[in-house]
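Here are my notes for your first look at this structure. Keep the 3D view open and click on each residue as you read.

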Amino acid sequence: MTADSGKLAAIVLAAGESRRMRSARAKVLHEVAGVTVIGRVLRAVAALGVEPLVVVVGRQAPRVEAAVRTALAGVCRPVFALQEEARGTGDAARCGLEQLGAGFCGDVLLVYGDMARLSAATLRAFVARHQVAQAGLSFASVVVEAAGAYGRVLRGAEGRVRAIVEARDASAAELAVREVNAGLYLGRVEVLAPALAGLQCHNAQGEYYLTDVVASALAAGFTVEAMRFDDAALFAGVNSREELTEMEAQIRREINRRLMAAGVTLHDPATTYIDETVEIGPDVEIGPNVQLLGRTRIGAETRIEGTAFLRDVEVGPRCHLKFGLRAEQCNVGEGCEIGPFAHLRPGTVLEGRNRVGNFVETKMARLGRNTKASHLSYLGDVVVGPDTNIGCGVITVNFDGFAKHPTRIGARCMVGCDSQLVAPVTVGDDVYVASGTTVLRDVGAGSLVMSEHAQRERPGWTAKWRRRHGAPAPAGSGRADAPQE
Ligand code: UD1
Ligand code: CA
C-alpha cells in the first residue's frame, strides 16, 4: 500500500465517432434540456471528488474540450487525453490511462461519455458496492426488455460473470440475454492496465473493446463482479436522435416534477420545456406551450399565460406575461405586463411596472419605471425615462442604412401615436409629441413638438370619385359619401 492507494481517478470516454447520430456535431456536444451530454456526465463524475478527472477526446477535440471546461468551470480542472483515431472504447480507455502516469496507484472509474442521465448518487452506489465486494474489477449491469445494441453480460456456473459480448459479435443464444453492460467500470489500476494493454481487435467491428477487459481480468486471476442495478433508464446512453429525444423527454419530466414540488404551477407539463439551468420562484404559474431556456429566471408570483419563448431572460416578481411572447437576453423588472404578442430582443431592460403591449418590438431599449408602450411600436437603441407613454405606432428610426443611432426620451413624456423619432435625437422630460410627428431635431424639456401637416378637405369628393368608376351609391345611404362603418 502506498500513500496513493486510496485515490479514485476517473476516465470519461468522449472521443467516439457517434455515426448513429448522423450529425456533423460530436454526440457528446448535443444538448439535453440545456446541458450538453458530456456536461451532464461530468457533473455527476466530478461530484465524487475524483482526482484526476481525465476526459478522452478525439472527434472535434477542441470543441469537446471547450464544452468540458464550461461544464467543469469552478468545479475541477480536467486532464485531457487525445485518442487520435476512434479505434474503440478499449483504445480510448488506454489513452486515458496513460494520462494517470506511471506513479498512479489507486482505483480507476471508467465512464462512457454518453450516459446523460448518470447521477452522482448512482455513481456513489456503484463505488460503494464495489468496495463491499472487494472485487478486482466491477462493472454495472441492468436488465432491459429489448437489449438492442447493448453488450450482453454472459454468466457461467453459479451465475458468475464470464464475459461481455457485444451485440454484433453475439450468437443467437447470447443475443437472447437481457442483462446488459451499462457502461461503468471500476477497478484497481494494476488490474486494468495489463487488461487494456492486451486487448485485441478481432471482432465484428475491428475495434478494441473495453468490454473485453472483463474476460482478460478473469483470465489473469482477478475477481470480476457485475453490479446489477434496477433502473435501466438511469444508465441509458445516447446513441441516436431518437434516444436523445427520449432522454430529453425523461429529463424534462423530472425538471417539471421538481418545479411543481417547489411550488410552481404548470398547467400542461407535457408542453412545458424548461432547461435545467432555469430558476423559477414560488407561486409562478405557467400555461401551455412555454419554453424557458438558458439562464432564464422567473420571479415569484409571475404568471405566464402560454405560448412563450424566453432564453436568458430575467423576469422579476409579479409580472404578467400574456399569450405570445418571444424574449431573449433581457431584463424585465417587477410588476410588468407584457404582450400579447410582444418581441423583446437582446438588450431590453424594463425597469419595473412597465407595460409592453401587442405587436411591440424592443431591442437595446431601456424603459424607465412605469413607462408604457401599449401597441404596435418599434423601440430600438433607445433610453426612455420613467412615467412616459409611448403611443400606438411610435417608431424609433435608428438605422440610416449604415449605422445605428441612439434615441433618448425623457421622463413623463407623451409621445403621440404614429410618431417617428429620427435618431440620433433627444427628447427632454415632460415633452408632448403631437401624434403624427416626425421628430428630426432635439426637443427641449417641457415643450410641445409637432410636424405641420396642413389638413385639406374637398367636400363631395367621394361621390364624384365613385361615379367616375361607375360604382352605385351605397344602399340606404342618403348621400353617396355618407360615413361608413
Ligand atoms: C458500449 C459498450 C456496450 C454497452 C454500451 C452501454 C463497448 C465496446 N461497448 O457500446 O457493451 O452496452 O456502451 O451504453 O464498449 N468512445 C471513444 N472512442 C472510441 C469509441 C467510443 O472515446 O473509439 C466513447 C464514445 O464517445 C462514447 C463511449 O465511448 O461516449 C461509448 O461509445 P459508444 O460507441 O456509444 O458505445 P456503444 O456502442 O454504445
Ligand atoms: Ca453508447
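Which residue forms a salt bridge with Arg-43?

1. **The Arg-43 pair.** The partner is Glu-276, and the closest N and O atoms of the two are 2.6 Å apart. Keep in mind that you are looking at a predicted model, so every value here is computed from that model. Arg-43 sits in helix α1 (residues 37–46), while Glu-276 belongs to the loop between β13 (272–274) and β14 (279–280), so this pair ties together parts that are 233 residues apart in sequence. As for how open they are, Glu-276 is partly exposed at 24% relative accessible area, and Arg-43 is partly exposed too, at 39%. Side chains of opposite charge can pair when their charged atoms come close.

2. **A third member.** Across the whole structure, a search finds 26 salt bridges.

3. **A bridge inside a helix.** Now try Arg-69, which forms a salt bridge with Glu-65; here the closest N and O atoms are 3.9 Å apart. Both residues are in helix α2 (residues 61–72), and because they are four residues apart there, about one helical turn separates them. Arg-69 is partly exposed, with a relative accessible area of 48%.

4. **A bridge between strands.** Asp-381 and Lys-363 form a salt bridge as well, with 2.9 Å between the closest N and O atoms. Asp-381 is in strand β26 (residues 372–384) and Lys-363 is in strand β25 (residues 355–367), so the pair ties together parts that are 18 residues apart in sequence. Are these two buried or exposed? Both Asp-381 and Lys-363 are buried.

5. **The overall picture.** Time to zoom out. The chain's secondary structure comes to nine helices and 35 strands. Its radius of gyration is 32 Å, well over the 23 Å that the globule rule gives for 485 residues, so the chain is more spread out than a compact globule. The C-alpha trace spans about 105 × 55 × 45 Å along its principal axes. Of the 485 residues, 49% count as buried.

6. Val-37 lies in helix α1, and at 0% relative accessibility Val-37 counts as buried.

7. **A positive patch.** Which residues form a positive surface patch? They are Arg-456, Arg-458, Lys-464 and Arg-467. Take Arg-467 as your example: you'll find it in helix α9 (residues 461–468). Arg-467 counts as exposed because its relative accessible area is 57%, and the cut-off for exposed is over 50%.

8. **A nonpolar patch.** Phe-323, Phe-341, Phe-359 and Leu-376 make a nonpolar surface patch of about 400 Å². Phe-323 is in the loop between β20 (320–321) and β21 (325–332). With a relative accessible area of 38%, Phe-323 is partly exposed.

9. **Cis peptide bonds.** Check the backbone at two prolines. The peptide bond from Glu-51 to Pro-52 is cis, with omega near -5°, and Pro-52 is placed in the loop between α1 and β4 (53–57). The bond from Ala-423 to Pro-424 is cis as well, with omega near 0°. Pro-424 is in the loop between β31 (420–422) and β32 (425–427).

10. **Positive phi angles.** For Asp-430, phi is about 55°. Asp-430 is placed in the loop between β32 and β33 (432–433) and counts as partly exposed at 33% relative accessibility.

How values were computed:
Residues are numbered from 1 along each chain as its sequence is written. Chains are lettered from A and ligands numbered from 1 in the order in which they are written. This is a predicted model: local features need pLDDT of at least 70, side-chain atom pairs count only at pLDDT 80 or more; totals for chains, interfaces and linings use all residues. Side-chain values use heavy atoms; hydrogens and water are left out. Patches are made of residues with over 30% relative accessible area and no salt bridge: like charges are joined within 9 Å, nonpolar side chains (Val, Leu, Ile, Met, Phe, Trp, Tyr) within 5 Å. Accessible areas come from the Shrake-Rupley method with a 1.4 Å probe; for residues, only the protein chains shown count as cover. A salt bridge is a side-chain nitrogen of Lys or Arg within 4 Å of a carboxyl oxygen of Asp or Glu. Lys and Arg count as positive and Asp and Glu as negative; His and the chain ends are not counted. The place of a charge is taken as NZ of Lys, CZ of Arg, CG of Asp or CD of Glu. Helices (H or I, at least four residues) and strands (E, at least two) are DSSP runs, numbered from the N terminus. Buried means under 20% relative accessible area, exposed over 50%, partly exposed in between (1.4 Å probe, protein chains only). The radius of gyration is taken over C-alpha atoms; the globule rule is 2.2 Å times the number of residues to the power 0.38.
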